[in-house]
Amino acid sequence: MTHSSTLPRIRDGRDGDVPIVLSMFDSAVAWLTAQGRTGQWGSSPFTGNPRRTRQVTGWLELGGMRIAELDDHPAGCLVVGGAHDYVTPATEPELYVQVLVTDRRYHGHGVGRALLDRAATEAAERGVGLLRVDCYAGDDGRLVAYYESCGFTRIAPFTVGEWPGMLLQRRI
């Protein structure tokens, strides 16, 4: 597959996107599993998992799903909305990145960064000065470092069961 050198086009989620987003997760899980990195999302495909299908369907129905496309091919997904209940509530209005996933075929094309920048733009348009996200903080910490490279700063580590996470924020 050839890739353009242009920035991704970002659109709102729409009917038909649920299987596309599930396949993005499948590609990410397969890539992580091949590296022995199963702590983030496990090692099983999301496609065919009823709980994961309900989760992605819920993101679409709540209206916060954004899809990045390169050359008219879906390349990544971001969902914005309210904070997850397992993180410390913000003390001011915020927009929360509930999930970010990119199709591994588009790794290195700025898809995740473009989606995060879109979230920051949406926060600014809503008059909100805080964008927060949480992520998997296990293994070698590369995911935390990625968010830091996108302008986020660490706020606090947390755990959900055995799952190590990091809460980060970006001022708008």
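Q: Quick one before we start: what counts as a helix or a strand here?
A: Both are DSSP runs, numbered from the N terminus: a helix is H or I over at least four residues, and a strand is E over at least two.

Q: Ok, and what sort of model is this?
A: It's a predicted model, where local features need pLDDT of at least 70, side-chain atom pairs count only at pLDDT 80 or more, and totals for chains, interfaces and linings use all residues. Residues are numbered from 1 along each chain as its sequence is written, and side-chain values use heavy atoms, with hydrogens and water left out.

Q: How many helices and strands does the chain have, and in what pattern?
A: There are four helices and seven strands. Going along the sequence, the pattern is β-α-α-β-β-β-α-β-α-β-β. The chain is as compact as a globular protein of 172 residues, because its radius of gyration is 15 Å, close to the 16 Å from the globule rule. That radius is taken over C-alpha atoms, and the rule is 2.2 Å times the number of residues to the power 0.38.

Q: What box do the C-alpha atoms fill?
A: Roughly 45 × 35 × 30 Å, along the principal axes.

Q: How much of the chain is buried?
A: Buried residues are 44% of the 172. Buried means under 20% relative accessible area, exposed means over 50%, and partly exposed is in between (1.4 Å probe, protein chains only).

Q: And what's the accessible surface?
A: About 8600 Å², with 52% of that belonging to carbon and sulfur atoms. The areas come from the Shrake-Rupley method with a 1.4 Å probe, and for residues only the protein chains shown count as cover.

Q: What share of the contacts join residues at least 24 apart?
A: 65%, counted among contacts between residues at least 6 apart in sequence. A contact is heavy atoms within 4.5 Å.

Q: Which elements do its buried residues pack against?
A: In α1 the buried residues include V18, L22, F25, V29 and L32. The buried residues of α1 pack against β1 (9–12), α2 (50–62), β2, β3 and β4. Just after α1 comes G36, with a positive phi of about 75°.

Q: How about α3, how far does that reach?
A: Helix α3 is residues 111–125, 15 residues, and goes 21 Å from first C-alpha to last, close to the 21 Å expected. After α3 sits G127, whose phi is positive, near 75°.

Q: New topic: what's the phi of D71?
A: Positive, about 50°, although D71 is not a glycine. Most residues other than glycine have a negative phi. D71 is in the loop between β2 (65–70) and β3 (73–81), and at 39% relative accessibility counts as partly exposed.

Q: And D72, what's its phi?
A: Near 65°, positive again in a residue other than glycine. D72 is in the loop between β2 and β3, and counts as exposed at 65% relative accessibility.

Q: Where's T91?
A: In the loop between β3 and β4 (95–102). T91 counts as exposed, with 81% relative accessibility. T91 and Q40 are 28 Å apart, C-alpha to C-alpha, and 51 residues apart in sequence.

Q: Last one: which strand holds V160?
A: β6, residues 153–160. V160 is partly exposed, with a relative accessible area of 36%. The C-alpha atoms of V160 and V87 are separated by 9.4 Å, though the residues are 73 apart along the chain.

Note on methods
Expected span 1.5 Å × (residues − 1).
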